[in-house]
Every structure is written in C-alpha cells, then in structure tokens.
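Keep the viewer open as you read.

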Amino acid sequence: MSEELESTRRALEAAVAAASGAAELTRLLADYQERLAAAAVSEAEAFTRLKETEARLKSAERQATQLAKNLAEQKYQTEVALWRLESVQESRWSKLGDAIHTKKPGEVARTLRAPISKRPAPKRADFAPAPLDPPPAVAPVAPNTAGPAVSTAMDEHFVVPKGPLTRPYLTVAAIVDRRSEALFRYEWRQVTNFGPDNWQAMLDQHRPHLLFVESVQTGPLQGNGGRWLEELAGRTRGLRDLVEECGRRGIRTVFWHSGGPVSVSVPVASYFDHVLATSEARAREWRAALRHDRVTVLPVATQPRVHNQIPAAGGRTAVALLGTAVQGALPADFPKPYLPTPTTGAATLSTGAAAPTAGAAPTPGAVPQSAGAAPTAGTATPSTTAPRPGAREGADEGGPRPGAAYGGVASGTAGGVGRTGSSAMPGTGTPRPGVRESADEGGPRPGAAYGGDVLLAAPWGPLITPKATYDDLLTAYRSAALVLAGPDADARTIEELSACGTPIMQLTAPIATDEDSLRRALTSVQEYLAAEDQSAAEAHLAWRATISVTPLLDPIIATAGLPSIRNAASITAITAVSNSAELDHVLAQLHRQAHAPGQLVIVAEGLDAATVEKSVRAVHRGDVIVRETGAPATRGAALDRALRLADGDLVAVLDPRDLYGEHYLADLVRYFAAVDAEIIGKSSYYAHIPGTGATLLRGPGTEHRFLPELAGATLLARRPTLTDLGIADVSDEWDETLMRQCRTDGIRVYSADRYSYVRVPPATNERLLSSSHLQGYTPAEPLAMI
C-alpha cells in the first residue's frame with residue numbers, strides 16, 4: 001500500500017510540474033501572440049505610411065517635371081526676346097539713324113549699301129526640359145535577425161521632478177537662492193514667492209512653521225526674485241520686521257550662512273533663533289561673534305531628487321572647466337590643433353587584445369571583447385592594469401596607468417600631490433573618494449592612450465556661464481564627460497557634480513597656457529577618458545561619498561522644536577536555500593552589509609527550520625522568519641512564499657549562489673530617494689564563470705536607465721508592488737517573467753550601477769553571453785567590489 005501511495009504521490013507531483021510548465025508555456029504563447037498582433041498592426045501602419053510616401057514622391061516628381069518644362073519655356077521666351085532685340089538693332093533703318101546722327105553723307109551711303117546679317121530665330125525644340133538628377137546610390141541594409149540584447153528604456157533623460165515631499169506636514173517660508181531652493185524643495189512644503197511688500201499676506205495665507213533664511217549673494221542664482229538683497233545687506237529693516245512678526249506668532253526662525261564673510265552676515269543673523277554654519281570651524285566663528293551656543297552645523301549636501309546620475313539628453317559630450325582651471329585664456333582653436341596622432345601601442349588601449357593568457361580556456365559562445373580582456377604581452381588596458389578600480393596606482397603596476405600624466409594638468413611647475421579644500425568631503429578634512437587629483441610626474445607618459453578624441457575635439461569651456469540658471473547648471477553637470485576643477489573650485493559644486501556621477505580631476509595648480517603645458521594637459525585628459533572602467537569606478541566612489549540633505553535636517557528641525565517624522569524605508573531580505581552550503585554563503589553575504597536588513601525571511605528546502613534559524617540568529621540581529629518547503633519546490637515558488645511573509649517597506653531578493661559587496665544594499669536603497677521607481681536593481685553587472693575563469697560585464701551601457709531588464713538576484717522593490725506582481729513558479733527564469741509583467745503593466749523599473757554584485761551562474765547560457773563583454777580571465781571581485 002505504501003508503495004502505491006508513493007507512486008501516486010510521485011505521479012501527482014509530476015502532473016503538477018507538467019501543469020505548471022504548461023501554464024507558463026500558455027502565458028508565454030499568449031504574450032508572443034500579443035506581440036505578433038502588435039507587430040502586425042505596426043506593419044500595417046508602416047505599409048500605409050509607405051504608400052503615402054510613394055504618393056507624395058510621385059506628386060513631387062510630377063511637380064518637378066512641370067517646373068522643368070516651365071523653366072525650358074521661360075528660357076525659350078527669353079531667347080526669342082533677345083533675338084528680336086538683336087534684329088531691331090541690326091536693321092538698316094536703325095543703323096541709318098546712327099549714320100544721320102554723325103552728319104557724314106559718306107557714312108549714310110555706306111550704311112544703305114551694307115548687307116544686313118541676322119542670326120536665325122530660336123526654335124522651341126532647342127530648349128528641351130532638363131532631365132531630373134538621378135537619386136544618390138544607397139547602400140543596401142543587411143537584415144538583422146538577432147533579437148535585442150536588452151529592452152528599450154522607458155525614460156532616458158533627466159527632468160526636474162515635482163515631488164514627492166519628505167515632510168509634507170511641515171511648511172517653511174524660505175528666503176534662499178535657486179540652488180538651495182532646489183536643495184530643500186522636496187524636504188518640506190516650501191514657500192518662496194514673497195517679498196518685503198507682501199510677507200504679511202504670506203504669513204496669513206500659508207501659516208508657516210519655520211522661517212528659513214540663507215545668506216543669499218547677488219547673481220543669476222539669487223532667489224525670491226532678488227527682492228530680499230537689500231534687507232540681507234542690512235540696508236533696510238524689512239527682514240527684521242519679518243523675524244519679529246514670526247516671533248510674535250510663534251514661528252521658529254533659522255539663518256543659514258552658506259557663503260560669504262561672517263562679519264557681513266552677523267548683524268542680520270543676530271535676529272534669528274538659530275544659526276547654521278557649513279563647517280565646525282565656521283560654527284566656532286559664529287559662536288564667538290554672536291556670543292551664544294544656538295549655532296549648529298549644516299554642511300554642504302545634495303538633494304538626490306535633482307542631484308543624481310540620470311543622464312541628460314545628448315549624453316556627456318565635452319570637457320568642462322570649474323574655478324581657475326586655466327591660467328589665462330585658452331587658444332581660440334583649442335584643443336583641435338593639439339590632438340596627438342594615435343600610435344599603434346596607444347590604440348591597444350581602445351581596442352584591447354584578442355587572446356587570453358596561456359592556459360585559460362575561452363568561454364563558449366561568441367562574446368564581444370571589451371577593452372581590458374586578457375591582453376597580450378606588452379599591452380596595457382584599463383581593466384587589467386588596475387588591480388582595483390578607483391585605487392591609486394603603485395610603482396610596480398607594470399606599464400603606464402590611465403591618467404598618469406597629471407603633471408601636465410597641474411602645470412609645468414606644479415609639484416607634489418596636495419589635496420585642496422574643494423576636493424575634501426564637506427565639513428571634514430577627509431579627501432573625497434573618487435575625485436582624482438593631479439601630481440607632477442615630469443611630463444606625459446610614453447605610450448599613453450589617445451582615446452576619447454571625439455570628446456576632446458569639442459572646445460573646452462567653463463562649466464558655469466555667467467547667465468546660466470540653475471536648471472541650466474543641472475543639465476551642464478550631466479553634459480560634461482570630465483570636469484577639470486581648479487584649486488579654488490567651489491566645494492558645493494564639487495559635491496553636486498559627484499552626486500551626478502560626473503568624473504572630476506582636481507588640479508593642484510591652474511594649467512599654464514604655453515604649448516607644452518597644454519599638450520601635457522590634453523594627454524592626461526585623454527588617458528583619463530580612455531580608461532572608461534576606472535573613471536566610472538572613481539565616479540561611483542565619489543557618488544557614494546556624497547551626503548544627502550534629508551538626514552542632516554532631522555536634528556536641525558528637532559533643535560528648532562519641530563517634529564521631524566519621515567519614512568525610514570525598512571528592508572526585508574528574502575532568499576531560498578536548498579542546502580547548508582547555500583545557507584552559509586548567503587549568511588556571509590548578509591553579515592558584511594553596511595546597511596543590514598531589518599528582517600530576513602528564508603525558505604529552506606531539505607533543511608531543518610530550527611537549525612536554520614539558530615544559524616541565522618548567530619549572524620543576524622533583526623527579525624528572522626524561517627520556513628520549510630516540505631516538498632520539492634521551484635526557486636520562484638519558494639521566493640514567492642518568502643515574499644508573502646515579508647513586512648518591510650522594501651524587499652531585497654538575494655541569490656545564495658552570488659556575491660554581494662559591503663555596500664550593495666546601502667547603494668541600492670539610496671536610489672529610492674533619487675528616482676521615482678517601484679523596482680530598482682541591476683541590468684548591468686559583472687558575472688564570473690567558474691569553469692573557465694572568465695569575467696563578463698553584462699549589459700554595458702544600461703546603467704542609470706529606466707529599463708525593465710533587471711537580474712532577479714539584484715531586485716530591491718517596494719513590497720506592495722512586488723506582492724501584487726508575485727514571483728512565477730519556475731526555477732531560474734522567474735525574473736524574466738516578472739520583467740515582462742512590469743513592461744505590460746507599465747511599472748517603472750530602474751537599472752542602477754554595476755558594482756557591489758557578482759553573478760556566479762552554474763553554467764553559461766545564450767542570454768548572458770549575447771549581452772555581455774568579456775573583461776578578462778581574472779576574478780570579478782576587484783572590478784565589482786569597490
């Protein structure tokens with residue numbers, strides 16, 4: 001009897017598995033049928049447009065033919081008129097009049113005897129219409145039968161968002177410049193459209209909880225229409241009356257000294273309840289000047305809603321200058337005449353080598369090879385010469401490093417490596433990660449890479465123009481391929497550039513304008529642009545080092561006696577394990593996270609729940625939920641069960657076979673403050689094939705895009721959205737089903753950076769190989785775990 005029951009159970013399991021596969025196949029067929037129907041509609045529309053175009057072409061040809069006939073007729077009529085004029089001029093009577101006018105009888109007699117010669121009249125047949133010019137030759141287009149490697153992005157370019165607000169219950173009347181208006185716009189309900197003539201009506205209408213005033217400077221970025229400049233300078237008492245009225249109404253007042261001399265702002269700041277400074281050193285100056293301790297630090301910070309890595313329309317196209325980056329004026333035609341000719345060795349940096357190192361087996365399948373893939377002897381590539389992206393080069397690295405000749409950037413006489421104030425993190429003396437600085441190394445390095453000529457050919461110009469608005473500045477941040485920051489570069493602009501992912505080269509001295517210095521500077525910039533992987537890693541490190549203004553405002557609002565309540569976005573990590581090795585591996589990845597999840601849900605197959613929970617609690621201090629499957633289940637079904645048990649605001653899906661860096665969750669959760677998306681993950685990531693030792697970069701160029709093509713093991717999603725979508729009951733392709741559903745439902749999905757994650761697939765597959773570039777036969781951790 002037991003054998004019959006066991007046989008029946010197996011048969012039922014097989015039937016359920018077959019039914020699940022059939023259901024998934026049915027869904028796939030329905031999806032393909034919808035795509036075919038849409039393709040048929042598109043084809044019909046294309047044929048209609050083709051017929052309309054052909055009709056317009058025929059009409060244009062008829063009109064051109066008629067115009068040619070009209071032109072020929074006009075030429076004929078003109079020639080006839082000229083012939084008639086010549087006939088009249090050549091007639092005997094016309095010449096007789098001229099002879100009589102001379103008053104010479106002999107001339108008259110000769111004129112009467114002279115024969116008359118006229119050219120024949122023109123014929124209409126001689127003026128045939130000119131034939132139309134033949135169309136230019138068009139090269140045939142080869143059919144592309146391969147499908148796209150990734151889906152089309154939903155939204156490509158940055159636009160200033162309208163919301164949401166972090167503290168919608170808090171109303172703040174603000175006198176700030178345009179830059180600070182964008183900084184605080186999403187932190188509270190901000191009122192700025194008032195001046196010395198109507199502030200009383202503003203107080204009655206909006207009833208603000210706080211008056212926030214900044215030391216606004218005169219210029220294109222001045223806020224409130226420039227109506228408060230006289231009051232901030234202390235020439236009139238309009239601001240003092242506003243502060244006194246706020247005191248009578250119980251409205252807190254805060255003054256932020258964001259720039260300028262302290263002595264100029266002291267008389268105005270003395271009216272306010274609290275004063276904010278940008279650093280502790282400035283705060284000490286303010287305490288001494290005001291003789292009270294109601295002084296707090298609000299350092300230079302960024303607003304993730306506007307200072308983020310979403311690209312601008314047109315991409316990054318030029319090299320920009322910030323501060324005193326150049327000593328004097330650049331030549332009018334710079335840099336085109338200074339571009340060096342690429343050499344054979346330099347070209348290797350852009351094209352890479354073709355063969356792996358000895359003894360390494362090539363990866364099966366055709367994989368496009370990127371720069372840095374297994375170079376041959378004597379070549380240098382960005383990904384192989386750098387043991388760790390963003391790290392400073394050592395003396396034994398072997399070969400020239402990208403961006404090494406920074407002496408030419410600093411100037412011919414600049415010496416030593418010295419960080420300036422603008423490259424340090426705000427409020428501290430710590431150097432900013434990812435902001436590369438210049439050093440004098442005695443001239444350009446031989447064999448340097450001459451990549452990025454297209455970018456370098458564009459004229460170098462200032463990042464900030466005199467009449468630029470702040471919206472123009474936000475676009476300029478994203479349009480620069482590289483910013484050369486002078487020693488006096490503004491620290492706030494450096495911070496905002498870093499938050500936008502713009503590569504920055506910090507100069508220790510301005511670039512001299514003699515020919516030798518300009519060539520050395522150009523060489524250094526070329527080396528930097530050629531090392532795309534390294535510059536991208538450095539830009540990511542600089543982004544990670546930036547500070548969001550949102551948490552900085554919490555203690556300031558509390559000091560002012562107001563509540564600061566906001567959603568902290570708790571995280572639940574879910575995973576499915578099938579053996580003890582996977583359990584130990586995923587626990588090790590979680591233990592190293594800088595931003596640990598508050599809850600961990602594990603669905604275990606073939607493991608005792610009590611044993612699993614004991615192992616988890618040894619490394620995880622938050623809430624732990626462990627469930628057994630009881631019977632064999634697909635990974636998708638196990639993850640869906642774990643999802644139903646999660647209660648965090650965000651849900652992170654982890655694969656127990658992959659590698660997660662220390663900053664994996666910390667980086668991903670920051671993107672939710674920057675973009676309006678329901679699901680965030682990675683479409684571009686590094687993958688390491690253990691069998692061959694090859695490291696691939698999947699989906700290059702798909703970072704920072706709204707793109708529903710994410711790897712399932714990198715998802716961080718809002719729990720209600722992911723719960724409504726569900727996870728398909730399939731083993732390894734559940735993420736493809738989920739992304740198809742996101743495209744169908746129009747759910748916004750954002751592809752973040754490529755770092756802090758390495759996929760370790762058990763075997764290669766066509767989908768991975770067709771959308772990847774070979775980085776080399778090296779470990780993936782030095783490239784990904786920065």
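Start with strand β18, residues 685–689, which pairs in the parallel sense with strand β23, residues 757–759, over two bridges. Pairing here requires that DSSP finds at least two bridges between the two strands. Strands are DSSP runs of E with at least two residues, helices are runs of H or I with at least four, and both are numbered from the N terminus.

A quick word on what you're looking at: this is a predicted model, where local features need pLDDT of at least 70, side-chain atom pairs count only at pLDDT 80 or more, and totals for chains, interfaces and linings use all residues. Residues are numbered from 1 along each chain as its sequence is written, and side-chain values use heavy atoms, with hydrogens and water left out.

Now zoom out to the sheet. Five strands make up an open sheet with mixed pairing, in the order β16-β23-β18-β19-β24. Because β16 (659–660) and β24 (772–776) sit at the edges with a single partner strand each, one side of each has no neighbour in the sheet.

On to the backbone angles. Most residues other than glycine have a negative phi. Arg-207, though, has a positive phi near 50°, and it lies in the loop between α5 (199–206) and β3 (210–214). Its relative accessibility is 64%, so Arg-207 counts as exposed (over 50%; buried is under 20% and partly exposed is in between, with a 1.4 Å probe and protein chains only).

Ala-569 isn't a glycine either, yet its phi is positive at about 55°. You'll find Ala-569 in the loop between α18 (549–559) and β12 (571–577). At 21% relative accessibility, Ala-569 counts as partly exposed.
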